[in-house]
Amino acid sequence: LLSAPRASLAGPLQLSDAFFALAAGCWVVSVVSERSWGSFPRALRPALLALLGYGAWAACSGLWSPTPRTWLFHTAALGYIGAIWLLTQALLSADARLRRWVADAWIIAFGISAVLGVAAVISFYAGFRDPAHNGLIANYGSMTPGNYPRVRILGTNPSFCGSYLLTAGCVAFALRRSATDLLRRALPWLTLAGAVSLFFTFTAAVGAVGVAAAVWGLYAHRELGRKAGKYFVVIGGAAALGMLLLSVLRFAPPGRGDIPIGPVDIQLGASVRISIWGKALDTFRAHPITGAGLGSPAAWVTDPRAYTPGEKWREEMASMVLPPVPMEAHNTYLSVLAQLGLVGFALFSLFVALNLVALVRSQRAAPERWGALATLLAALGYHGIFASLEENRHIWFSLGLAAAVATLGLSTPPPSQGDKEASPRDAEARTPPRTGA
């Protein structure tokens, strides 16, 4: 939960893995002690079937994958993150104690990450600007004047760090009523720290889009009612639209772009992501039904801008002819499409859609419902457009959160229609008369 990089079974043990193992063990012990395994929620059975189908197709892709060892690693990772969805739904639906444990652990980890992000910004402006000696920042911003850091909490890639901060903030918003009073009171301030950290994760322009959603999260924490959650979702949608626009634009020196905006110009359609997306589509065209295989490179890129840091880029590099370099698709949906073809893409999209449908159809119109919806929008809408997140652990936790809220809800049910229509006079009539002194 602190750094939340992509699912890596070969890397060092992360705090999220340790917590997840403890929580899952506690749930298994409670189930065994009660001698009742229960039944999987009926509303989520279609989503479970879609997930199993997606996993089976990914496993079958090893038959045509050009890199069997990479396929085996990603297949194991898919089993791990699929278990996150299953057990997250079970943990949050089990009882209030486990739900409080999950909420407290998530808010604490999000708070530590947010505070470390603020510390990274302060350290940069205090003079500690060398990434080789400051593990909290990456390279400088490439946009003029470039006098700002890119936060990488505990070595995480700044872009994925931004995805985690925005998603984790929405999760905290959804789970806040299940947390202890102390953490619930501290959450607005932690959200503000997370907004500052989020602003400095990518570039100033992109961070400004995400910080709007985070700041509104701070406003929504003040219990404005159900409308606050709806507005929160609207802000997340605006962030997704802004991110889409910024993904297809490129910043250029003054006088060399199409639209001047002060110290820089904007070049329309010149973003390197356009080139990467095109190569990912080429991979899909070569394998439209089956895909190239799970774990295989989604795009073979020849554009030198794709792997040249912004501060080292020179205009003469644009004319260089270089051999193709394997890269990820920088888009969740194109990544699945290139690796697993139309079949895998249909199963993955169906799984996500069924979680959303179950969440929307749930009868408990509580803030947890809107918080879970905002979480998915931030994760798969905001960042999924320009990064490959299909193996990110907090994405699958977010899907599990949506499944739990859709199935059982995390708050008391709303009043019945009869209670809404009852007048104060009727309520007074139903009140028993006082007897005695």
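**Reading helices and rings in a predicted model**

Buried residues (under 20% relative accessible area, with exposed over 50% and partly exposed in between, for a 1.4 Å probe and protein chains only) make up 51% of the 437 residues in the protein chain.

Me: What kind of model is this, and how are residues numbered?
Reply: The model is predicted; local features need pLDDT of at least 70, side-chain atom pairs count only at pLDDT 80 or more, and totals for chains, interfaces and linings use all residues. Residues are numbered from 1 along each chain as its sequence is written, and side-chain values use heavy atoms, leaving out hydrogens and water.

Me: How many helices and strands does the protein chain have?
Reply: Helices (H or I, at least four residues) and strands (E, at least two) are DSSP runs, numbered from the N terminus. The protein chain has 14 helices and five strands.

Me: Which residues do contacts join in the protein chain?
Reply: Contact means heavy atoms within 4.5 Å. Take contacts between residues at least 6 apart in sequence: 71% of them join residues at least 24 apart.

Me: How do I read a helix crossing? At what angle do the axes of helix 5 and helix 12 cross?
Reply: Axes are lines fitted to C-alpha atoms, for helices over the stretch in contact, and angles run from 0 to 180 degrees between N-to-C directions. Helix 5 (residues 158-175) and helix 12 (residues 393-407) have axes that come within 10 Å and cross at roughly 20°. Helix 5 is therefore roughly parallel to helix 12. The cut-offs: under 35 degrees is roughly parallel, over 145 roughly antiparallel, 65 to 115 roughly perpendicular, and the rest oblique.

Me: Is the crossing of helix 5 and helix 12 left-handed or right-handed?
Reply: Left-handed means that the near helix is turned anticlockwise from the far one by less than a right angle; right-handed means clockwise. The crossing of helix 5 and helix 12 is left-handed.

Me: Which residues make that contact?
Reply: Helix 5 gives Ser163, Tyr164, Thr167, Val171, Ala174 and Leu175, and helix 12 gives His394, Phe397, Ser398 and Leu401. They divide into six nonpolar, four polar and no charged. Here Ala, Val, Leu, Ile, Met, Phe, Trp, Tyr, Cys and Pro count as nonpolar, Asp, Glu, Lys and Arg as charged, and the others, Gly among them, as polar.

Me: How do helix 4 and helix 6 cross?
Reply: The axes of helix 4 (residues 96-125) and helix 6 (residues 181-199) come within 8 Å and cross at roughly 40°. These helices are therefore oblique to each other. Their crossing is left-handed. Residues that meet include Asp104, Phe110 and Gly117 in helix 4, and Leu183, Thr191 and Ser197 in helix 6. The contact divides into 10 nonpolar, six polar and one charged.

Me: How is a ring pair described? How many aromatic pairs are there?
Reply: A pair of aromatic rings is described by the distance of the centres and the angle of the planes. Rings of Phe, Tyr and Trp (its six-membered ring) pair if their centres lie within 6.5 Å; planes under 30 degrees apart are stacked, over 60 edge-to-face, and the rest tilted. The structure holds seven aromatic pairs. In one of them, Tyr54 and Phe348 have ring centres 5.5 Å apart and planes at 50°, so the pair is tilted.

Me: Where do Tyr54 and Phe348 lie?
Reply: Tyr54 lies in helix 2 (residues 45-60) and Phe348 in helix 10 (residues 332-361), so the pair ties together parts 294 residues apart in sequence. Tyr54 counts as buried at 5% relative accessibility. Phe348 counts as buried at 3%.
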